[in-house]
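Colleague: I am new to this entry and would like to go through it one question at a time. Please show it first.

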Amino acid sequence: NIFQPAIEITAESTLISWSMAKSITHAAVGILVADGLLDVDAPAPVPEWKGTEKEQITLLQLLEMRSGLRFVEDYVDDSVSHCIEMLFGESGPSHAAYAAALPLDHEPGSHWSYSSGTTNIVSRIIGDVVRGGPGGDPAERKAATHRFLRERLFDPCAMTSAEPKFDGAGDFVGSSYVYATARDFAKFGELYRHDGVTDLGAGRRILPVGW
């Protein structure tokens, strides 16, 4: 039997987001854009791409999964899946570094391919901004990003149960790992339904108009 025993799910149960976390990553970028700290149309600030053909990839292309980077999003065959290797394999402590090192197969912007790898590159960029630069102690990176997500996104949305998870480099695994109750995920959905304004549209704007 490959399935775990049945458990009761209640209003207080925290559930794994899987790719709903990608929307939370998108919101975090929106907050930093509103702060004037990120420009989605500029080349993505990925240090290891400087001086390579990848340096033309923009942050928007990463968000839209049109970077052109190779990434096989497969959850069955670990012999071909970059996603399984990134999340569960021996790819190293940094999910973003693993994804950023993959080959560029297409001209940036010309080809769409679903990629948890590009989302984790974006997550590392978020960490770089809130930490004040690339690299650094993983525990400090984790603390800075956790504080940013809590103070600027989860608390304003009253997502009291939300808990992001981090890789070995201290970066938010923005492709996959936020735990929250179903009601708190619904609160996040309401943020988007009200165009970035919290509290059923009666609160404050935390995302740019139209984000």
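**Questions on the model**

Colleague: Is Q4 buried or exposed?
Modeller: Q4 has a relative accessible area of 61%. Buried means under 20% relative accessible area, exposed over 50% and partly exposed in between, with a 1.4 Å probe and protein chains only. Q4 is therefore exposed.

Colleague: Where does Q4 lie?
Modeller: This is a predicted model, in which residues are numbered from 1 along each chain as its sequence is written, and side-chain values use heavy atoms, with hydrogens and water left out. Local features need pLDDT of at least 70 and side-chain atom pairs count only at pLDDT 80 or more, while totals for chains, interfaces and linings use all residues. Helices (H or I, at least four residues) and strands (E, at least two) are DSSP runs, numbered from the N terminus. By that numbering, Q4 lies in the segment before strand 1.

Colleague: How far apart in space are Q4 and V129?
Modeller: In sequence, 125 residues separate Q4 from V129. From C-alpha to C-alpha, the distance in space is 39 Å.

Colleague: Is S17 buried or exposed?
Modeller: S17 sits in the loop between strand 1 and helix 1. Beyond the residues up to four places away in sequence, S17 touches S176, Y177, V178 and F185, where contact means heavy atoms within 4.5 Å. Its relative accessible area is 5%, so S17 is buried.

Colleague: What is phi of W18, near which value?
Modeller: W18 also belongs to the loop between strand 1 and helix 1, and at 41% relative accessibility W18 is partly exposed. W18 is a residue other than glycine with a positive phi, near 50°.

Colleague: What span does helix 1 reach from its first C-alpha to its last?
Modeller: Helix 1 has 15 residues.

Colleague: Which elements do the buried residues of helix 1 pack against?
Modeller: Among the buried residues of helix 1 are A21, I24, A28, I31 and L32. After the helix comes G36, with a positive phi near 80°. The buried residues pack against helix 2 (59-63), helix 5, helix 6, strand 3 and helix 7.

Colleague: At roughly what angle do the axes of helix 5 and helix 6 cross?
Modeller: Axes are lines fitted to C-alpha atoms, for helices over the stretch in contact, and angles run from 0 to 180 degrees between N-to-C directions. Angles under 35 degrees count as roughly parallel, over 145 as roughly antiparallel, 65 to 115 as roughly perpendicular and the rest as oblique. Helix 5 and helix 6 are therefore roughly perpendicular to each other. Their axes come within 9 Å and cross at roughly 90°.

Colleague: Which residues does T181 contact, leaving aside its neighbours within four places in sequence?
Modeller: T181 is in the loop between strand 3 and helix 7, and counts as buried at 8% relative accessibility. Leaving aside those neighbours, T181 contacts A11, E12, S13, T14 and S161.

Colleague: Within what arc do the buried residues of helix 7 fall?
Modeller: Helix 7 covers residues 182-193, and its buried residues are D184, F185, F188 and L191. Seen down the axis, they fall within one arc and so line one face of the helix; the arc is that of the directions from the helix axis to the C-beta atoms. Its value is 105°.

Colleague: Which exposed residues does the face of helix 7 turned away from its buried side carry?
Modeller: The buried residues of helix 7 are covered by elements including strand 1 and helix 1. The face turned away from them carries R183 and R193.

Technical notes
Expected span 1.5 Å × (residues − 1).
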